Amino acid sequence: MKSGYAPVENGELYYEVEGNGPAILLLHAGVADHTMWDPQMADFSQAHTVVRYDLRDYGKSRTSDTSFSNGQDIRDVLRYLGIERATIVGNSRGGHIALDFTLAYPQMAAALVWVNGGVGGMDFAASPELDAWFEKMEALYEAKDWEGLTDLEVQTWGDGINQPVGRAPENVRRKLREMILAGYMRVDGEATPRALEPPAVGRLQEVQCPVLLVVGDLDTPGTLASADLLTERVPQAEKVVFHNVAHMASMEQPKRFNSIVLDFLARHEL
């Protein structure tokens, strides 16, 4: 495995590279860091060059106070590593970023694997119950109750909203808690992402590469609605539903996830 720091605008991003072959780039969730992909590295690197890195404000990456483009960061990391084209795999916030990158730099995206992500610019009318749930998270954040907020986030993204505490496997909950709490404890510059313009929601028909959508049926209503919208509007999209799984499909069912992604790549000769 090779690791290091890739220079980007007003920062440097920690990366790891393993394997040889067509490239796969892994973008972690907003409640995680690059280590969430540990269960994928051995399988994916058997026939691919696998790149994973910590986004700005996460893990080992470093940034100054700045505004930035996640898409430009991806481009700069791949170019630094000498990679011209890759399959972009993103979970949650990483899925949102992966979709935006595919639209902004279509020549660099061989395929897109969107996992429980979002769609930029999409409006979703949440229920009062769901609003109350996230208002509780916001209140814990404002109070800087990092322990309490971490516990609620593990329940939200690991177990699933309104699911019993502890529904997700204990190793998944433990790893999530470790990554989330570490994120709240780190000190770095304040980096403000610049949104893709125009946003993805009105441009989905522009996505011309093969697209795999992975969604857990216990995830938030907004994520499920995003997956439905992508299925409807993206020309080459195919959706796979993971039953009794919430937001972190690749962590909850890694063997199935790995198999589905590798089969998708093989069918499209990637």
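Q: What should I know about the model before we start?
A: It is a predicted model, in which local features need pLDDT of at least 70 and side-chain atom pairs count only at pLDDT 80 or more, while totals for chains, interfaces and linings use all residues. Residues are numbered from 1 along each chain as its sequence is written, and side-chain values use heavy atoms, with hydrogens and water left out.

Q: How many aromatic pairs does a search of the whole structure find?
A: The search finds eight, where rings of Phe, Tyr and Trp (its six-membered ring) pair if their centres lie within 6.5 Å, and planes under 30 degrees apart count as stacked, over 60 as edge-to-face and the rest as tilted. One of them is Tyr5 with Tyr14, which is edge-to-face at 5.6 Å centre to centre and 65° between the planes.

Q: And is Tyr14 buried or exposed?
A: Tyr14 is buried, because its relative accessible area is 8% (buried means under 20%, exposed over 50% and partly exposed in between, with a 1.4 Å probe and protein chains only). Tyr5, at 28% relative accessibility, counts as partly exposed.

Q: What lies over the face of Tyr14?
A: Lys60 does, at 4.6 Å from the ring centre; a charge sits over a ring if NZ of Lys or CZ of Arg is within 6 Å of the ring centre and within 35 degrees of the ring normal. Arg256 likewise lies over the face of Phe242, at 4.2 Å from the ring centre.
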